[in-house]
Amino acid sequence: MFSKILIANRGEIAIRIIRACKELGIKTVAVFSEGDKNCLHVEFADEAICIGKPTPQESYLNISNIISAAEVTDSDAIHPGYGFLAENPHFAEICESCGIKFIGPTSENIKLMGDKIKAKESMRKAGLPLIPGGEEGIKTKEEVLKMAKKMGYPVMLKAKAGGGGRGMRVCHSDVRLIGALMTAQSEAKAAFGDSTIYLEKYIENPRHIEVQIIADNYGNVVHLGERDCSIQRRHQKLIEESPSPVVNTKMRKKLGEYAIRGAKHIKYTSAGTMEFLMDTKGNIYFMEMNTRIQVEHPVTEAITGIDLVKMQILLAAGEKLNIKQDDIKFDGAAIECRINAEDPDNNFIPSCGLIEFSYIPGGKDVRIDTHIYSGYKIPPFYDSLIAKLITKGENREEALNRMNRALDEFLIEPIKTTIPFCKRVINDPDFKRGNYNTSFLNKFLEGEKE
């Protein structure tokens with residue numbers, strides 16, 4: 001087992017990892033930027049070391065500074081959390097070459113699944129159903145027009161190295177396609193350092209269903225059921241739940257089989273998520289794989305009782321999976337609302353500054369993952385996520401009722417947050433019936449404007 005783990009991240013996910021380490025008896029090292037010296041992960045870790053100026057490029061994305069921090073503190077492993085360097089194969093390679101264990105999959109796994117074109121080809125070979133298109137990068141305007149004609153509109157431009165909705169454009173005509181191509185290429189280049197764009201058929205009004213898997217170093221893989229992540233704004237998830245309201249036992253088994261088959265095909269290790277789109281007829285298509293812990297992992301933990309972060313650490317230390325597929329039971333329902341420091345009534349612009357007062361909800365089956373407190377100043381340099389509110393119930397109705405109550409109790413003043421917006425969404429009649437898809441929020445927001 002590891003003696004000391006450095007957490008190459010910040011905020012709530014850093015605290016989440018610190019908690020798991022402490023429960024396993026492992027010492028922790030927090031890294032922080034000059035803009036994060038008052039963040040709680042700095043206080044909770046056994047050691048803390050500053051790695052640079054406030055901007056991510058000078059701190060949390062600064063590989064040499066992070067490796068130096070690990071060496072200075074004699075850390076024998078690094079946990080990257082999510083975001084920042086979590087899916088950077090070069091970072092994983094450097095950790096490996098320095099004799100520091102990267103808590104996650106191999107650099108080869110990350111590299112393969114981070115290349116969306118190669119990932120789809122790999123999953124095609126594994127026998128997973130794929131969305132038409134996306135076999136190679138686009139080189140010319142003539143080429144993309146020819147491909148679109150063959151597929152039929154609508155189509156979607158996607159970045160080869162993409163994520164988080166960047167480099168993505170939905171197109172319904174030749175004119176829109178040509179106009180969007182250069183924009184998508186520029187955006188992809190700026191975000192990922194790779195301007196390669198590919199084209200695939202756009203599935204209209206799908207559900208976004210993802211399957212959590214965990215895999216050890218000995219070829220054992222299990223799945224922990226699905227999460228429905230269809231409530232999205234600009235391809236950014238806002239509300240997630242498990243199980244999905246539209247996935248039955250037979251479909252869950254099929255999704256799980258696909259996820260395990262794909263993971264075994266690439267000899268995947270650690271925790272990971274296979275993401276699928278489900279069309280209005282119930283057809284399932286592999287979309288991509290996330291080779292890290294997900295923001296929404298707590299809903300899976302809530303209904304399975306399995307600590308995914310602890311599992312990541314144990315598997316990275318060389319332990320075998322201590323559970324088989326038949327051991328995994330799904331208990332009740334769970335829902336997560338992402339609490340972002342944004343103003344929903346003003347086009348979701350970031351809301352930074354001093355939190356003068358905060359109150360965290362509690363009670364049975366209410367979980368809060370956060371790094372905020374009264375007197376904390378939200379810095380302007382990072383993602384707007386400041387908390388995750390998770391509730392569990394014996395069924396979906398109870399989980400939603402509990403979420404309603406918890407959102408009422410959650411106070412963060414005077415900062416604008418998505419708390420009231422989440423409450424409006426979960427009380428929408430269609431959402432309460434489970435009748436939603438990835439287009440839901442756009443229509444919901446349009447309805448609020450009327």
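Helices (H or I, at least four residues) and strands (E, at least two) are taken as DSSP runs and numbered from the N terminus. The model is predicted, so that local features require pLDDT of at least 70 and side-chain atom pairs count only at pLDDT 80 or more, while totals for chains, interfaces and linings use all residues. Residues are numbered from 1 along each chain as its sequence is written, and side-chain values use heavy atoms, with hydrogens and water left out.

Phenylalanine 348, with phi of about 60°, is found in the loop between β15 (342-343) and β16 (349-350). Its relative accessibility is 9%, and it therefore counts as buried (under 20% relative accessible area; exposed is over 50% and partly exposed in between, with a 1.4 Å probe and protein chains only). Arginine 234 has a phi of about 55° and lies in the loop between β10 (221-233) and β11. Arginine 234 is exposed, with a relative accessible area of 56%. Most residues other than glycine have a negative phi, and most peptide bonds are trans.

Tyrosine 153 and proline 154 are joined with omega of about 0°, and proline 154 is found in the loop between α7 (141-151) and β6 (155-159). The bond from serine 242 to proline 243 has omega near -5°; proline 243 is found in the loop between β11 (236-242) and α9 (249-265).

Helix α11 (residues 308-316) is mostly covered, eight of its nine residues being buried. Among them are Leu308, Met311 and Leu315. The N-terminal end of α11 is capped by aspartate 307, a side-chain oxygen of which lies 3.2 Å from the backbone nitrogen of valine 309. Glycine 318, with a positive phi near 100°, follows α11.

Technical notes:
A polar contact is a pair of N or O atoms within 3.5 Å; within protein, one must be able to donate a hydrogen and the other to accept it, and residues adjacent in sequence count only if both atoms are side-chain atoms.
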